[in-house]
Structures are given as C-alpha cells and as structure tokens.
Amino acid sequence: MTTLPSPQPSPPTLTARAGRFVATAAPRRLDWPMLLAVAALSGIGVLLVWSATYDPSDPDGAVGYVERQVGHLAVGAVALLVVAAVDFRVSRAYAPFVYLAAVLGLALVLTPLGETINGSRSWLVVAGLQMQPGELAKLGLLLAVAVLLGEPRDGEFAPTSRDVLFSLAVLAAPLGLILAQPDLGTAMVLTGTYMGMLLLSGAPVRWVVGLVGCGLLAAFSVWWFGLLKDYQLERFTTFFNPSADPRGTGYNANQSMIAVGSGGLNGTGLLEGEHTRGRFVPEQHTDFIFTVAGEELGFVGGAVIIGLIAFVMWRILRTAGRSGDPYARLLCVGAATWLGFQSLINIGMTLGVAPITGIPLPFVSYGGTAAVANMAALGLVLNVHARERGVH
C-alpha cells in the first residue's frame, strides 16, 4: 500500500507573526510593577511641571505646559506599546536604520537647521517642531552596541577584540558630533551607557581597563590644553567650589541646593515653594525639576522619586538576569545603564554632588524627544520580559 507523505508544516503567515507580536504585548505578559512605577513617576512629573511653570498672573501658561507634557507622554506610551509588540529579535534588523537616523540628525544640528539653547547647539528645528537628536542617539547606540557585542560568532561565547573595535567606532560617530555641539551631559550618558554594556558583555577585561585609562587621560588632556568652553569650565569650577561665585557661575548650583534644603522633611506643598514661584532656579521644569520636588514635596517626596527610579532599574536588571539571549540581555543592561546613570547625574547636580549638565530627569522632566526615547527603551525591555515568560 502506497503511503502518502506526511504534510510539512507551512511557514508562519504574516497573520500568525502578527498574532505572536500582539501576544508579546498582551496584558498578562507585561511587567506591570515596572509600568506602574513609570506611570507614578510620569504623574509626579506632570504635577511638578505644573507647579514649576505656574504663574498666578497667567495660569493658562502652566496649563499649556501640562497639556503638552501629557501629549509627550501619550506619544511615548504609543512608542512603548509598538516596540513592546514587535519581537525584540526583529529590532536587530532595524538597529542600523535607527543608528544612522540618529547620526544624521546630529549632523543636521550643526547646520542652519540647528538651534542653540543655553550655550549648546543640540536642537533641530524643522517646520516649527523641535527635537533633540541626542535622545535618539541614546536609543540608536543601545541597539547598535547590543548587536555588535551581544551576538558572538559561531564557536565564541563572548565578544572578541574585533567586536569591541567595531563597537568603539559606533560610539565615536555620535559622540564626536555631540561634543561638537557641545553637549557634555549627553556625551557623558552615551559614554556611561557604552561602558556599562561593554563591562557586562563578557568582553576581554583589558578593554574595559584600557578604555577607563584612556578616558582619564583624555579628561586630563582636555583640562591641560584648555579645550573646554568657558561655560563648561565654569561649571566644573563651581562643582568643586559652589561658593566661589554665588551670584555668577555658582548661582545655579547654590540656588538649587537652597531650594532642595528649604523643603525640609515634608515640603512646602505644591505651588507653595518660594524658590519655585520666584523662578530662582533656571530651567526648573526640565533639567532642575528635582529642585521643585525637593522644595515642595520635601525629603519624603524626593525619596519617593529616587525609590521609584531605583525600582524601575531593578526590574530592568531582573529581566536582564533572567534572559538567556546575550542580545536581549545587553538591551536591558544598556537601558538600565542609560536611565540610571542619567538619573544619577541629574539628581546629583541639584544636590551639589555632580557637575551641572543639561540633561533631564527620565520620566519626570518636561520634554518630548526624551519621553519618546525613554519609553521606546522600556518597550524593548518589556519585549524581552514577555519572551522570558514563554512567548516564542
């Protein structure tokens, strides 16, 4: 009797692949504790933006800021869900495009399309819309370095020296363009993110030690040959001695510490902070938003914000530790390093323990490009979390 051949399984259709993508972002697959912490940070941020921009003579002005910030967060939430719905393994294919788009945006900043704000030419203005390509560069670097260091070749279990060299070239392009703006804060975050990913990628230790040594030598050379801009040098001088020029270069640092210290244990209450209402601290709805929290919410409110950020970092690293895919693990490590290091620098500068740099507090500060980039990074983490829970 003739035996008919057994039917071969057909390749998954587009509908099937789409179904798997939707399953990845299904509610039961999401990391709800992390999402609730991020939602709490965003909600606190909206309240602080409202208080930081409120003017009794023009209350509608603060409402406008709040509406725009809610819009930023809504777009960011969409970006998070879209990224979370697409298998993180697919992101490998898009990594070069995101990276190249970021580098192109950074290059355009140095053209007439760029705009200088607070001494740094880091904004791109097109058709009346503003964006900061440096935020996209963080996401592009995260994806590109994860591809280069998180995919060992056949027979290898860790990145080789060649992989590290390629990843350094990937870092050099956006870093050089950002330093040309100059935007020292974003450059620090990019470098910190890269070093965190390199350290936990399993790359040869000599590369980590060598790069740290080169970084220290480069920092010394920049100081020795006077390559810093005057305002950047003044910021570092103020960091080491804030009282040297309290009405000049040390003004921001002194006023931010005074504002935070005046809040005491429980704070003065929203809209009741004298420093916040008097606008003594510049950019208090963006870079210095933690001063508003310190003054109006007090030590308790500031500790809650720090605790929520630390909880988000722990959830991301927990997902990284449970993933068996080197690429996925590095995505999470990079996201945690990026968001954690940036939070550390932002809060540290308001407390006088870090030099003042123009970087926002993730999920809390006012801003559109940053909100979308931060949420997209969390979308990658959520996707890895879903796969780790058994979606294949």
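Let's start at Asp325, which counts as partly exposed, with a relative accessibility of 22%. In this predicted model, Asp325 has a partner: it forms a salt bridge with Arg92, and the closest N and O atoms are 3.3 Å apart. Now find the two residues along the chain. Asp325 sits in the loop between H13 and helix H14 (326–350), while Arg92 belongs to helix H4 (residues 91–109), so the pair links distant parts of the chain, 233 residues apart.

How many salt bridges does a search of the whole structure find? There are three, so let's visit the others, using the rule that a Lys or Arg side-chain nitrogen must lie within 4 Å of a carboxyl oxygen of Asp or Glu.

Look next at Asp31 and Arg315, whose side chains meet in a salt bridge at 2.8 Å, N to O. Asp31 lies in the loop between helix H1 (14–24) and helix H2 (32–53), and Arg315 lies in helix H13 (residues 298–322); the pair therefore ties together parts that are 284 residues apart in sequence. Are these residues buried or exposed? Both Asp31 and Arg315 are buried.

For the remaining pair, turn to helix H5 (residues 133–149), which holds both Glu135 and Lys138. These residues form a salt bridge, with the closest N and O atoms 3.1 Å apart.

Definitions and conventions. Residues numbered from 1 in each chain as written. Predicted model: local features only at pLDDT ≥ 70, side-chain atom pairs only at ≥ 80, totals over all residues. Heavy atoms only, no water. Helix = DSSP H or I, 4+ residues; strand = E, 2+ residues; numbered from the N terminus. Buried < 20%, exposed > 50% of the residue type's maximum accessible area, 1.4 Å probe, protein only.
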